[in-house]
Amino acid sequence: MAKVGYHNGQIRLSHGVAEQKVPVLLVDGTDLSTLETVVSSPTITISKNGASFASASDGAWAEVGNGWYTVQLNSTDTGDLGWLVVHVVKSGTSAESSVLCNVGISPQEERADYIRNRQTLRKV
């Protein structure tokens with residue numbers, strides 16, 4: 001049975017921005033600790049806001065090392081606000097991983113909103 005790699009919380013992505021990379025950890029499903037290395041050409045699907053899973057528009061796959069990989073998403077993949085699930089499966093192995101992402105405004109926009117709100121509240 002395939003098992004999910006470990007992730008600590010949601011990955012934040014900027015809305016409609018290309019070339020964003022999502023980290024993916026692949027572990028062996030039998031012992032839950034052996035890292036899956038040299039995995040090439042997995043099946044990568046995404047679900048945006050609870051929609052059915054579909055192929056990622058970009059989905060460029062790269063090995064980082066020690067069981068870690070990245071999936072690159074483009075502006076089509078991150079074009080909807082809300083949550084996004086990246087699902088990676090390599091047939092013929094027990095490697096599988098799902099990553100929960102949150103597509104929202106960029107950190108720069110979030111900071112600018114925060115500063116605007118603080119300034120507005122100070123005037124009151």
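User: Before we get to the fold, what makes a stretch count as a helix or a strand here?

Analyst: Helices are DSSP runs of H or I with at least four residues, and strands are E runs with at least two, numbered from the N terminus. On that basis this predicted model reads β-β-β-β-β-β-β-β-α along the protein chain. That's one helix and eight strands.

User: OK, what makes the three-strand sheet an open one, and which strands sit at its edges?

Analyst: The order is 2-6-5, with antiparallel pairing. Strand 2 (20–25) and strand 5 (60–65) each have a single partner strand, so one side of each is left without a neighbour in the sheet. From one strand to the next, the twist averages 30°.

User: Why is Thr70 called buried?

Analyst: The cut-off for buried is under 20% relative accessible area. Thr70 comes out at 16% relative accessibility, so it counts as buried. Thr70 belongs to strand 6. Leaving aside neighbours within four places in sequence, Thr70 is in contact with Lys21, Val22, Ala60, Trp61, Ala62 and Val64.

User: And how much of the protein chain is buried?

Analyst: Buried residues are 35% of the 124 in the protein chain. As for the accessible surface, that comes to about 7400 Å², with 52% belonging to carbon and sulfur atoms.

User: What makes a group of residues a nonpolar core, and which have the most contacts inside the largest one?

Analyst: The members have to be buried residues of the nonpolar kinds, such as Ala, Val, Leu and Trp, joined through side-chain atoms within 4.5 Å. The largest such core has 19 residues, and Trp61, Val71, Leu73 and Val86 have the most contacts inside it. Two or more residues each come from strand 2, strand 3 (43–48), strand 6, strand 7 (82–89) and strand 8 (96–104).

User: What does Leu73 touch, then?

Analyst: Not counting residues up to four places away in sequence, the list includes Leu13, Val17, Val22, Ile46, Leu84 and Val86. Glu19, Gln20 and Asp58 are among the residues touched by Leu73 too.

User: What share of the contacts is between residues 24 or more positions apart?

Analyst: Among contacts in the protein chain with a separation of 6 or more, those residues account for 61%.

Notes
Residues are numbered from 1 along each chain as its sequence is written. This is a predicted model: local features need pLDDT of at least 70, side-chain atom pairs count only at pLDDT 80 or more; totals for chains, interfaces and linings use all residues. Side-chain values use heavy atoms; hydrogens and water are left out. Buried means under 20% relative accessible area, exposed over 50%, partly exposed in between (1.4 Å probe, protein chains only). Contact means heavy atoms within 4.5 Å. Accessible areas come from the Shrake-Rupley method with a 1.4 Å probe; for residues, only the protein chains shown count as cover. Two strands pair if DSSP finds at least two bridges between them. Axes are lines fitted to C-alpha atoms, for helices over the stretch in contact, and angles run from 0 to 180 degrees between N-to-C directions.
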